[in-house]
Amino acid sequence: MDHTPEKPYQQFLKGGGEMGELTRKFNWSSTVLGDPEQWPQSLLTTISIILNAKFPMFLWWGPQLIQFYNDAYRPSLGINGKHPKALGQRGADCWKEIWPVISPLIDQVMSGGESTWSQDQLIPIFRNDRLEDVYWTFSYAPVIGESGKPEGVLVICYETTNTVKSFRAVEEAKRELEFGIEAADLGTWDLNPLNGRFTGNNRLKEWFGLPLHDQIELSSAIEVMIPEDRERVAKAIQKAMQRGSDGNYDATYTIVNQHNKKRKTVKAKGKAMFDDEGNAYRFSGILQDITDDFAIEKRKDEFISVASHELKTPITSLNASMQILQKLVKTEVVSDRMRMFVGKANSNLKKLLHLLDDLLNVTKLQQGQLAMNRTRFNLAELVKDSFDHVNQDDSHDIILMGDAELMIDADYRRIDQVLVNFVNNAIKYSPQSKRIEVTISREGNNAKVAVRDFGIGISEEKLPHLFDRYYRVDSLGHQFSGLGLGLYISAEIIQMHEGKIGVESVRGECSTFWFTLPIQD
Ligand code: ADP
């Protein structure tokens, strides 16, 4: 054990972790400062503060600006850089790369001038084997020596490189987002659920014809909508912000610009965010101008509505004549050729009736006029019955399996329509295979009917669109005829029954279309 009594100056060099250790061991006699025993009290006190501080600190002392620093400062010097050489080194030798930047600041402080303050200043330093862009917030302050004048410069600093970089990354992401919003011609909005005020980007305010500068009351934004849309949209907004909701908001409505009275149809999409107590604290989203698409879509719907009504009368009377003709063919003496042509005409007329039925149903659905007429019946009976209504010409074997006892409450004609559509599709889209399986099962409180074919199948990315209006996987190819309405109508019918509809498929192998209906035992 070393029993040499501790000298007073040693008290000031205590502690300080790695830098304390290095400072104590350093051969100071090799510098102009000489042995620490000779050091002035002002230097010893300052070093004691630096070594024991947890904030990054650095000191230049004396005319040669000999350097000291603490453990907290040390990481800023990186690996394989200036540390530990910087300890005891002359300032000008250590900081060659930035000396022209920092020496005027040091001179200012050493000559009795003001302390400096720099925030997020870029000072590239050599560390980690390269010149790195490093940002600092720092202050240079004088340390008054025994002479009563500044003898050293104390640097209290903080490296802000990560903060500056994160801030820049956020700014960059914001710029990219703004660019995307700009390029996509979108309006954006942000509603504060607490005070009901909302703000939007300038595009949205221009569309609404509202002042560009300030926030808007939600009620004045609602007033910009055409009267028939107001209640529906206000309800959708309320629903999205309600406790327990998934926060999703999706509404299409028409606005009338307050200045030029021009109409625009817009599609709004948004999401409400909820705090831990389940209260909405933010509700924001986008607005898309769909005026043109909406007018194309609307005209198409109107055309379909008019055309299908016009077609209905002649086709119905044609069907009546066909029924009579079929009876005559059965009872009268006619040639085989005649019988064959009547058969063909009848099967094509059936297809035409199906197409017309789809068109009429779409119109009814849009106008909310598809009425439901529920009765109680045996599901297997209905399924068997529906096989008589499909476009079957003995090309396929339809096999019915599963629960023959299930009773359900539903609209017989509408469920028949869904099944006929499923089975017709199964026949149409499996020209190379014969087998079609129809399975009835019970799953909890639901009855399930699944129609499986082993035909062309559907690729995975198309599956989510199958139940959309007018959607066809191969819309331009004319290999399979159709309007892309059957599944849309089926989905609406099943939804009206509070059931579910879905599909599983493997392209080139098989497809299973299914629906469920709630059972009332
Ligand atoms: P479509 O009149 O075109 O048959 P649907 O609404 O009934 O209209 O079906 C939409 C699309 O789904 C079809 O165009 C077809 O591409 C695809 N589809 C439906 N059923 C099947 C099936 N069983 N196998 C493969 N594709 C199918």
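Predicted model: local features only at pLDDT ≥ 70, side-chain atom pairs only at ≥ 80, totals over all residues.
Q: Hi! Let's start with helices α12 and α13. What angle do they pack at, and how far apart are their axes?
A: Hello! Helix α12 covers residues 379–386 and helix α13 covers residues 412–428. They pack at an angle of about 55°, and their axes are 9 Å apart. The two helices are therefore oblique to each other.

Q: Is that crossing left-handed or right-handed?
A: The crossing of α12 and α13 is right-handed.

Q: Which residues make the contact?
A: From α12 there are E381, L382, V383, D385 and S386, and from α13 there are Y412, I415, D416, L419 and V420. By class, the residues of this contact are six nonpolar, one polar and three charged.

Q: Nice. What about α11 against α13, which angle and distance do you get there?
A: α11 and α13 pack at about 125°, with 13 Å between their axes. The crossing of α11 and α13 is left-handed.

Q: Moving along to α14: how many of its residues are buried?
A: Helix α14 runs over residues 486–496 and is mostly covered, with eight of its 11 residues buried. The buried ones are G486, L487, Y488, I489, S490, A491, I493 and I494.

Q: What do those buried residues pack against?
A: They pack against α11 (336–366), α13, β19 (500–506) and β20 (510–518). After α14 comes E498, whose phi is positive, near 60°.

Q: Where else is there a positive phi, say at L65 or D120, and which values do they have?
A: L65 has a positive phi of about 55° although it is not a glycine, and D120 has one of about 45°, again without being a glycine. For background, most residues other than glycine have a negative phi.

Q: Where do those two sit, and are they buried or partly exposed?
A: L65 is in the loop between β1 (57–61) and β2, and L65 is buried, with a relative accessible area of 9%. D120 lies in strand β3, residues 118–122, and counts as partly exposed at 36% relative accessibility.

Q: Which peptide bond is cis around P84?
A: The bond from H83 to P84 is cis, with omega near 0°. P84 lies in the loop between β2 (66–69) and α4 (91–94).

Q: Changing topic, is K448 buried or exposed?
A: K448 counts as buried, because its relative accessibility is 17%. K448 lies in strand β18, residues 446–453.

Q: What does K448 touch?
A: Leaving aside residues up to four places away in sequence, K448 touches T439, I440, S441, E443, W514, F515 and T516.

Q: Last one, on cysteines: how many disulfides are there?
A: A search of the whole structure finds zero disulfides. C94 is in no disulfide, and the nearest cysteine sulfur, that of C157, is 13 Å away.

Q: Are C94 and C510 buried or exposed?
A: C94 counts as buried at 5% relative accessibility, and C510 counts as buried at 11%.

How values were computed: Residues numbered from 1 in each chain as written. Heavy atoms only, no water. Axes fitted to C-alpha atoms, helices over the stretch in contact; angles between N-to-C directions. Helix = DSSP H or I, 4+ residues; strand = E, 2+ residues; numbered from the N terminus. Parallel < 35°, antiparallel > 145°, perpendicular 65-115°, else oblique. Left-handed = near helix turned anticlockwise from the far one by under 90°. Contact = heavy atoms within 4.5 Å. Nonpolar A, V, L, I, M, F, W, Y, C, P; charged D, E, K, R; others polar. Buried < 20%, exposed > 50% of the residue type's maximum accessible area, 1.4 Å probe, protein only. Disulfide = S-S within 2.5 Å.
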